[in-house]
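This briefing accompanies the sequence and model shown below.

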Amino acid sequence: MKPIAIFNDFLANLKMWYRSKGTVFWAILFPILLMLIFGAIYQGQGDVTVSLHVQDLDETEISEEFISNLGERLKIETIPSDVDGDNYISDNNIRSALIIPEGFESSIQSAYLGSNESIPLSLSLDPTRESVNGIIRGVLGGTVQGWNNDISGAREVLSYQETSVTAEEFKFIDFFMPGVIGITVMTSTIYGTIFRNTKYRKWGILSKLSTTPFSRWEYLVSKMLFMTFISFFSTFLIIIVGVFVWDISVTIDVYLFIIVISTAFAFSGMGMLISRFVKEEETADSAAGAVTFPQMFLAGTFFPLEVMPSYLSSFARVLPLYYVNEGLRDSMIYEDGSGALFNTAIIFSIAAVLFVVGALATKWTE
Amino acid sequence: MTESIIDIKNLTKNYNGTKAIRGISFNVKKGEVFSMVGPNGAGKTTTVEICEGIRKPTSGSVHIFGEEFSKKSKKTRQKIGVLPQEYRSFERLTVKETLKYYSSFYETKRSIDDIIALLDLEDKKDELYMNLSGGLKQRVGVGMALVNDPELIYLDEPTTGLDPRSRRGVWDAIEILKKEGKTIFLTTHYMEEAEFLADRIAIMHQGKIAAKGCLDDLIHGHGGHYTVLLHGFDPKNVNLLGKEPKIDTNGTVSVKVKNPTEISKILQKVIKNDLKFANLEVKRTNLEEVFMNVTGTTIEEGDAA
């Protein structure tokens with residue numbers, strides 16, 4: 001065994017490794033990115049701004065103190081006391097709300113004096129946002145427990161009853177399925193475009209095509225037809241699994257079609273733009289990953305933006321995939337026409353800009 | 001006078017201040033195989049890519065079929081076939097599918113079965129491109145350049161990296177096209193390829209055409225000669241041969257002469273003086289030596305530069 005030979009081989013491997021941008025991305029940048037994103041999401045709750053709407057029907061010092069306790073951990077939004085709480089929640093599309101009943105203060109005072117009276121709070125939550133709900137339950141449960149200890153030495157004076165804010169019982173999978181459609185269309189179009197453009201350029205296929213009567217625009221149109229076809233194929237496959245395996249109730253409307261087509265065009269355009277600057281096949285992988293992974297984790301695919309620190313949730317709102325996810329949920333699951341229209345308009349505009357810029361950036365020849 | 005299919009005048013091409021092509025002029029005549037030879041980096045591919053419309057010239061004129069060639073020359077594109085350098089096709093299409101794909105772009109089409117037969121690809125027509133050997137891939141590449149039955153075919157280094165047998169297969173295909181009367185613009189850095197296939201040759205060196213003409217003219221014009229080699233010849237008798245013979249380390253005597261008449265004169269001296277030798281060999285100057293005489297370097301040294 002020759003140590004010098006082993007050392008030289010090691011050195012050569014090291015050189016080859018750091019000269020390959022793809023391996024550097026997967027080995028260093030990607031784990032760092034994951035650590036930063038998930039660390040930010042799951043670190044101390046102080047930075048997290050989960051909001052809870054509260055209707056205080058008691059409007060006393062004690063009820064205000066209770067709300068103030070909740071406000072130390074949650075962002076409290078007020079529901080006026082003179083409206084019907086349930087209607088207000090439904091009309092304003094509120095997804096987490098607490099109603100403090102009238103007589104809250106007097107019941108607590110009675111409990112101090114030994115009465116067995118209990119005070120039920122009404123908590124309404126959207127079941128599709130389980131990760132947010134967990135935080136709200138944790139904060140409310142802790143606060144209620146603390147107050148019960150103070151009042152009666154742990155006897156359950158305060159308690160809460162949980163109901164769903166929606167008429168239909170949504171599950172997490174209802175929330176998740178549109179996100180899966182969003183990331184699938186995004187990854188297949190971005191990876192497909194970057195890999196194809198980079199390989200075809202490297203292999204001389206684009207040069208060869210440029211010498212034929214087939215024009216660059218014809219090529220783009222055919223590729224977009226293909227991407228759109230693949231996107232719809234994936235979308236309907238996911239829907240079929242969702243409907244038949246998970247019993248999801250899905251609405252298929254015009255928004256779904258516009259959003260899927262826009263998503264295919266937006267991310268193909270993004271892919272074309274990126275592949276203009278990617279010279280090697282190995283780099284294509286990391287370039288596609290660098291664009292798709294942050295969106296996958298930050299754009300509300302796996303969990304709602306409310307669980308993220310405010311700076312991350314603000315950042316998510318500049319990501320095209322966020323509008324895809326929200327638009328698909330509004331259209332397919334919540335049947336929220338205005339929400340679907342708003343998000344569809346945004347993703348359509350993003351698609352128009354990205355596709356035109358990407359198409360102009362795609363060159364076959366000098 | 002034979003019609004010019006390609007007519008290039010004062011062509012230059014600069015890349016970020018580097019002069020890749022330095023004012024070259026040449027023409028390619030109808031029905032000939034015109035070969036541009038030279039080391040890597042000499043400017044062959046840049047020249048052919050300008051003729052194909054892949055690159056724009058910095059200055060100069062490019063006329064193909066008598067018309068100024070530009071991006072918009074769709075009519076011209078219908079009449080040309082191209083095999084780009086280091087070309088790789090779609091990995092997961094079969095040979096037949098690949099040819100059909102390219103054929104679909106053209107108005108005039110050559111039968112795919114005919115191309116497959118011409119290139120001896122019958123056994124491989126349903127094979128995926130990714131599973132073909134290097135030689136077969138290049139033959140498919142040549143086939144792709146034929147789908148529109150073109151009048152003019154560009155083959156940019158079609159045999160680079162191939163083993164001798166595969167190279168021979170590509171040469172055979174080019175020979176058949178030549179017999180069909182196609183005009184072929186071939187670039188190569190294999191001198192023997194140009195010698196074997198080309199009617200006329202241009203030697204490129206550092207962005208310029210150092211010499212051009214048919215092989216015989218190049219040899220005669222640039223130090224052409226014959227070398228008579230006498231193996232196993234007694235060195236004491238070399239003075240009897242005249243013509244300043246040289247003796248190499250193996251004891252082989254070599255005499256340079258200009259024409260076949262002088263060869264026979266040497267042989268007469270050998271017979272007259274009853275000089276003994278083991279073996280006799282006559283070598284003609286080849287393109288590689290012409291290249292050395294013209295550029296002052298070998299093609300390998302040119303590559304390194």
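In this predicted model, the largest nonpolar core comprises 63 residues, and the members touching the most others are B:Y154, B:L155 and B:F185. A separate, second core holds 46 residues, among them A:F175, A:L321, A:I350 and A:F355. In soluble globular proteins, nonpolar side chains tend to be buried together.

**Surroundings of B:L155**

- Once neighbours within four places in sequence are set aside, B:L155 has contacts with B:L83, B:V142 and B:A145, and also with B:I174, B:I184 and B:L186.

**Chain B as a whole**

- Chain B contains 11 helices and 14 strands.
- Its C-alpha atoms occupy a box of roughly 70 × 45 × 40 Å along the principal axes.
- Buried residues make up 38% of the 305 residues of chain B.
- Considering contacts in chain B between residues at least 6 apart in sequence, 69% link residues at least 24 apart.

**Domain assignments**

- Chain B is assigned domain 1 (4-220) and domain 2 (225-284), and the C-alpha centres of these two domains of chain B are 42 Å apart.
- Chain A is assigned domain 1 (48-164) and domain 2 (172-361), with 41 Å between the C-alpha centres of these two domains of chain A.

**Contact between the chains**

- Chain A contributes 12 residues to the contact and chain B contributes 19 residues.
- On the side of chain A that touches chain B, helix α8 (residues 205-210) of chain A gives the most, with four residues.
- By class, that side of chain A consists of four nonpolar, six polar and two charged residues.

**A:K75 in chain A**

- A:K75 lies in strand β2 (residues 75-79) of chain A.
- Is A:K75 buried or partly exposed? A:K75 counts as partly exposed because it has 14 C-beta neighbours inside 10 Å, a count between the limits of 12 or fewer for exposed residues and 20 or more for buried ones.
- A:K75 and A:A97 are separated by 22 residues in sequence and by 12 Å in space, C-alpha to C-alpha.

**Confidence of the prediction**

- For the complex, the predictor gives an ipTM of 0.83 and a pTM of 0.74.
- Chain B has a mean pLDDT of 88, and 96% of the residues of chain B reach 70 or more.

Notes: Residues numbered from 1 in each chain as written. Chains lettered and ligands numbered in written order. Predicted model: local features only at pLDDT ≥ 70, side-chain atom pairs only at ≥ 80, totals over all residues. Contact = placed C-beta atoms within 7 Å. Helix = DSSP H or I, 4+ residues; strand = E, 2+ residues; numbered from the N terminus. Nonpolar A, V, L, I, M, F, W, Y, C, P; charged D, E, K, R; others polar. Domains from an automatic or database assignment. pLDDT = per-residue confidence, 0-100. Core = buried A, V, L, I, M, F, W, Y, C linked by C-beta atoms within 7 Å.
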